[in-house]
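Me: Could you walk me through this model and tell me what stands behind each label you use? I would like the value set against the definition each time.

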Amino acid sequence: MSIIKVENLIKKFGDFTAVNNISFSVEKGEIFAFLGPNGAGKSTTIKILTTLLSPTSGKLLLDENDTQKNPNDVRHSFGIVFQDPSLDDELTAYENMDFHGVLYGIPKKLRRERIEHLLNFVELWDRRKSYVKEFSGGMKRRLEIARGLLHHPKILFLDEPTLGLDPQTRNHMWEYLRNLNKTENITVFFTTHYMEEAERIADRIAIIDHGVIVALGTAEELKKQTETNSLEEAFLKLTGKNIRADEASTIDVLRNGRKMWARK
Amino acid sequence: MQTIYILWLRQLKRYFRSKSRIVGSLAQPLLFLLALGFGFGPVFAKAGEGNYLQFLVPGIIGMSIIFTSIFSGMEIIWDRQFGFLKETLVAPVPRFNIMIGRTLGGATVATMQGTIVLFLSMIAGFRPVNWFLVPMAILVMLLSALLFTALGTAIASKLDDMQGFQLIINFLVMPLFFLSGAIFPLSGAGALGVVARFDPLSYAIDALRSILSNINNFGLGTDIIVLSSVTLIFLVVGSYFFSKVQI
């Protein structure tokens, strides 16, 4: 059974086509990697899947709910760890979790139990009363993962979750996610620039470039298809060696400070 | 309901946790109060207008409310820059509730700030004409704070980053303040008096002035009707713009 179904998705920003008519599906319980060079359309696709952006055209179903027609049901069904932090620095770790729990309508008692369990799991229970602004990048990432799981989502989206994490934290995180995938049958959808990570962890891999899916299959299939020995080589063969222009993140825009009115 | 409450609570927690912000946003109104109040006091009395402090304090309360509320509304820009807005936007909560929770929180913060200014001005010698009407003054503060927080939210929903902030201060907040009759009487101000009729802050300050100092220009009833209708309009516009925010 497909838990994520994308049909003929197109997203345009003005003249620029960020996502150009892609279709794919992810099975329930699968670990699915979504790879591509910078600016290929990964984050845009994730934003559309998670209802943050609306598509120009196309149909998206998450757990059989249409992202356009029933956004609220869709929102209940997934958890997300964003590429850049999305925690409130002025709140404590516990308050961030609690805030999330209330937004997702988890009853108080259950909320407390789950927060304790999850914070223990990511080894932040002792720091629950510390402000998030005192946390390191790795701690914030762990807290975000715990938060993303608080409402027991069926799908977990991770947008470059291991960026800037040390190997210890990275391993620990994947071990946990894999375990969760096995025991709870959570579907994991992630993007990464670490090819060996995708090769080791993902059941299936999609490679997107210039808004088009150029290959989809298991790591073995991709290697066979491109006649290469590693996923990294396969990736380079499929997407070329040119370095891509990346769009500035919001923080870059803040630093450069060139534009005042919202982009259309 | 609970989601609105938690968003309201978050605004309050953020307010109480940044002591520098509380002190910082009190400094400006107090400076105005002392410099203008004692500086112009004698001239005002000579002109036969009575006690300037009694006249000025409601204006200064209005000033601290408009600044704090618009800033609170515009905090959405910070949340956008630092990512937290995404967390609220992917949650299964109607955008309207998010906007209302934030706006109520921001308005509560601004009302507290206005109340602090009221009590501090009493140290400087201000006396409300009727102590029992002070709670009513606080209600008017809350209504005005709602109005300007909703305005801040509407603007922030359309802005991409903090660059526009200075522009908003100089071309919106400052004119709204100076043209509102906060520091001078509107009666006899000629063209300025006409302009002030289009400034919602004029009505907020006029209402506070009639309640606290028994000085009145438009009439308390008119003030409340104008404030309520403008608040309603800004809430609708604000939640419409906020519902269109994309990241």
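**The sheet of chain A**

Reply: Let us begin with a pair of strands: strand S9 (residues 204-209) and strand S10 (residues 212-217) of chain A pair in the antiparallel sense over five bridges. Before going on, note that this is a predicted model, in which local features need pLDDT of at least 70, side-chain atom pairs count only at pLDDT 80 or more, and totals for chains, interfaces and linings use all residues. Residues are numbered from 1 along each chain as its sequence is written, while chains are lettered from A and ligands numbered from 1 in the order in which they are written.

Me: What makes S9(A) and S10(A) a pair?

Reply: Two strands pair if DSSP finds at least two bridges between them, and S9(A) and S10(A) have five bridges. One of these links A:Ile207 to A:Ala215 in S10(A). The strands themselves are DSSP runs (E, at least two residues), and helices are runs of H or I of at least four residues, both numbered from the N terminus.

Me: What lies between S9(A) and S10(A)?

Reply: Two residues separate the strands of this hairpin. A:His210 lies in the loop between S9 and S10 of chain A, and A:His210 has a positive phi of about 50° although it is not a glycine.

Me: Is A:His210 buried, exposed or partly exposed, and how do you know?

Reply: A residue is buried if 20 or more other C-beta atoms, placed from the backbone, lie within 10 Å of its own, exposed if 12 or fewer, and partly exposed in between. A:His210 has 17 other C-beta atoms within 10 Å, so A:His210 is partly exposed.

Me: Which other residue has a positive phi although it is not a glycine, and why is it called exposed?

Reply: A:Asn8 has a positive phi of about 50°, and A:Asn8 is found in strand S1 (residues 2-13) of chain A. A:Asn8 counts as exposed because it has 12 C-beta neighbours inside 10 Å.

Me: What is the strand order of the six-stranded sheet, and which strands are its edges?

Reply: The order is S6-S7-S8-S3-S9-S10 (chain A), an open sheet with mixed pairing. Strand S6 (78-81) and S10 of chain A are the edge strands, since each pairs on one side only.

Me: Which helix lies across S3, S9 and S10 of chain A?

Reply: That is helix H9 (residues 231-239) of chain A, running at about 30° to S9(A). Angles like this run from 0 to 180 degrees between N-to-C directions, with axes fitted to C-alpha atoms, for helices over the stretch in contact.

**The helices of chain B**

Me: Why is H3(B) called largely enclosed?

Reply: Because 27 of its 30 residues are buried, H3(B) is largely enclosed by the rest of the structure. Helix H6 (residues 134-158) of chain B has 18 of its 25 residues buried, so H6(B) is largely enclosed too.

**Where the chains meet**

Me: What makes a residue of chain A count as touching chain B, and how many do?

Reply: Two residues are in contact if their C-beta atoms, placed from the backbone, lie within 7 Å. By that rule, 32 residues of chain A are in contact with 29 residues of chain B. The largest share of the chain A side, four residues, comes from H10(A).
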